[in-house]
Amino acid sequence: MPTVASSENQPHRRRDMAESFGTDAERYDRARPRYPDALVERIVAASPGPEVLDVGCGTGIAARQFRAAGCAVLGVEPDARMAELARRSAADVAVEVARFEEWEPGGREFDAVVAGTAWHWIDPVAGAAKAARVLRPGGLLAPFWNVAQFPPDLAEAFADVVARVVPDLPFGFRASMTRPALETYRTGFDRAADGMRAAGAFGEPEQWRYDREFTYTRDAWLDVMPTQGAFTRLPADALAELLKGVGAAIDAHGGSFTLSYATVAVTAKRS
């Protein structure tokens, strides 16, 4: 389910939602999808060296992938619970607890600044300016997102359950579920690119896209749902009702379903 809000909202102003994911950091790390190895390899190849700053690193999902690709990774994460799990999950990945806009680099520089499904929580202009400050010349700024496209019948069924259980979500949930997923995210991609242009220190942004599919069982998807920003702060009884309804919809669909994922990176080189 989408984590990038619709075009009428500015996700980076929703600090309550942005910093709520640590309520169940273990589940988040277990259930959230990883990123295509080909994207990680392309970012590493396009960077002038191996030093990577992972912004909004969460539990270290992307950080571990970059570490496996031979990079030295420093994470910046505003939620101390997520940061602690990231440190435990990879002993050689350091994590500093701070909001990126307020984080002090202390003169350190990096070859790439990345953000896995996190850049929309950051002010796009201030974030790009901070990235420009810490990137070496020729360094790469590369936030990226996993964009999921649901089967149409399940998208409608999920939206019905959410409308019944959580009718006051702060964005148009049904529209974000049922229209083409990349259309929902396009505003966020454009906002990221505009922030890079406004920083005045980058070349023209590019988009890189990688497509894949993943099949979820009922239990696997119900493990993912509580990690989504729309639901991390739900009371336990409401979450239980939501999961029951969504589980019934998956059962009616045959007990599993296939998501089409497009992983999109918005990238720009430091001048």
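**Helix α9 and the sheet**

Which strands does helix α9 (residues 181-199) lie across, and at about what angle does α9 run to β5? Helix α9 lies across β5, β6 and β7, and runs at about 165° to β5, where contact means heavy atoms within 4.5 Å, and where angles, from 0 to 180 degrees, are taken between the N-to-C directions of lines fitted to C-alpha atoms, for helices over the stretch in contact. Helices (H or I, at least four residues) and strands (E, at least two) are DSSP runs numbered from the N terminus.

This is a predicted model, in which local features need pLDDT of at least 70 and side-chain atom pairs count only at pLDDT 80 or more, while totals for chains, interfaces and linings use all residues. Residues are numbered from 1 along each chain as its sequence is written, and side-chain values use heavy atoms, with hydrogens and water left out.

**Strand order and pairing**

The open sheet has 7 strands in the order β3-β2-β1-β4-β5-β7-β6, with mixed pairing; two strands pair if DSSP finds at least two bridges between them. At the edges stand β3 (94-97) and β6 (206-217), each of which pairs on one side only, and the twist averages 20° from one strand to the next. Strands of a sheet pair through backbone hydrogen bonds, either parallel or antiparallel.

Strand β5 (residues 135-149) is joined to β7 (residues 256-269) by 8 bridges, and these two strands run antiparallel. Phe144 stands opposite Ala265 in β7, and Gln149 stands opposite Ser260 in β7. By contrast, β4 and β5 run parallel and are joined by 6 bridges, with Leu135 in β5 as the bridge partner of Phe110. The chain passes from β4 through α6 to β5 in a right-handed β-α-β crossover, meaning that, with the strands pointing away from the viewer, the path from the first strand over the helix to the second runs clockwise. Strand β5 is mostly covered, with 11 of its 15 residues buried (under 20% relative accessible area, with exposed over 50% and partly exposed in between, for a 1.4 Å probe and protein chains only).

Thr117 lies in the loop between β4 (110-116) and α6 (124-134), and is buried, with a relative accessible area of 11%. The side chain of Thr117 makes a polar contact of 2.8 Å with the side chain of Tyr35; such a contact is a pair of N or O atoms within 3.5 Å, of which, within protein, one must be able to donate a hydrogen and the other to accept it, and residues adjacent in sequence count only if both atoms are side-chain atoms. Phi of Thr117 is near 50°, a positive value in a residue other than glycine. Most residues other than glycine have a negative phi.

**Aromatic pairs around Phe257**

The structure holds 16 aromatic pairs, counted where rings of Phe, Tyr and Trp (its six-membered ring) have centres within 6.5 Å, with planes under 30 degrees apart called stacked, over 60 edge-to-face and the rest tilted. Phe158 and Phe257 form an edge-to-face pair, at 6.1 Å centre to centre and 80° between the planes. Phe158 lies in helix α7 (residues 152-165) and Phe257 in strand β7, so the pair ties together parts that are 99 residues apart in sequence.

Trp221 and Phe257 have ring centres 5.7 Å apart and planes at 75°, so this pair is edge-to-face; it links Trp221 in helix α10 (residues 218-224) with Phe257 in strand β7, 36 residues apart. Trp221 is buried at 1% relative accessibility, and Phe257 is buried at 2%. One aromatic cluster is formed by Phe150, Phe158, Phe214, Tyr216, Trp221 and Phe257.
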